[in-house]
Amino acid sequence: MNNSQASEFPNNIDDEMLPEYDFDYSKASPNRFVTQTDDSPVTVTLAPDVAKVFKTSEAVNHALRALLSAMSKVTK
């Protein structure tokens, strides 16, 4: 007689996870220990030629803010 859990579930390559790991995400709740902010960063991929000019995120943000400022002056 074998009491191991492995003997209860035969090795089936088609099964990715055992049934006990089947998690019902509809009953999940958010992590209460994580602060919720609206200022989450956004990741943007720059083209290689643009990335050569703008080495840091601060440089990109500075250029974009200058562009936004110029655009708002034109639209007014």
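Val 42, Val 44, Leu 46 and Val 50 make a nonpolar surface patch of about 350 Å². A patch takes residues with over 30% relative accessible area and no salt bridge; nonpolar side chains (Val, Leu, Ile, Met, Phe, Trp, Tyr) are joined within 5 Å, like charges within 9 Å. Areas come from the Shrake-Rupley method with a 1.4 Å probe, and for residues only the protein chains shown count as cover.

Some ground rules. This is a predicted model, where local features need pLDDT of at least 70, side-chain atom pairs count only at pLDDT 80 or more, and totals for chains, interfaces and linings use all residues. Residues are numbered from 1 along each chain as its sequence is written, and side-chain values use heavy atoms, with hydrogens and water left out.

Where is Val 42? Val 42 sits in the loop between helix H1 (5-8) and helix H2 (48-53). Val 42 is exposed, at 70% relative accessible area. Exposed means over 50%, buried under 20%, and partly exposed in between (1.4 Å probe, protein chains only).

Now the fold. The protein chain has 3 helices and 0 strands. Along the sequence the pattern reads α-α-α. These are DSSP runs, numbered from the N terminus: helices are H or I with at least four residues, strands E with at least two.

How much is buried? Of the 76 residues in the chain, 1% are buried. The accessible surface comes to about 8,000 Å², and carbon and sulfur atoms hold 56% of that.

Next, contacts. The whole structure has 1 salt bridge. Asp 24 and Lys 27 form it, at 3.8 Å, N to O. The rule is a side-chain nitrogen of Lys or Arg within 4 Å of a carboxyl oxygen of Asp or Glu. Asp 24 is partly exposed at 37%. Lys 27 is exposed at 71%.

There is also 1 aromatic pair. Phe 23 and Tyr 25 have ring centres 4.8 Å apart and planes at 75°, so the pair is edge-to-face. Rings of Phe, Tyr and Trp (its six-membered ring) pair with centres within 6.5 Å; planes under 30 degrees apart are stacked, over 60 edge-to-face, the rest tilted. Phe 23 is partly exposed at 48%, and Tyr 25 is exposed at 66%.

Last, confidence. pLDDT is the predictor's confidence in each residue, from 0 to 100. The chain mean is 80, and 78% of residues reach 70 or more. Where pLDDT is low, the predicted coordinates should not be read in detail.
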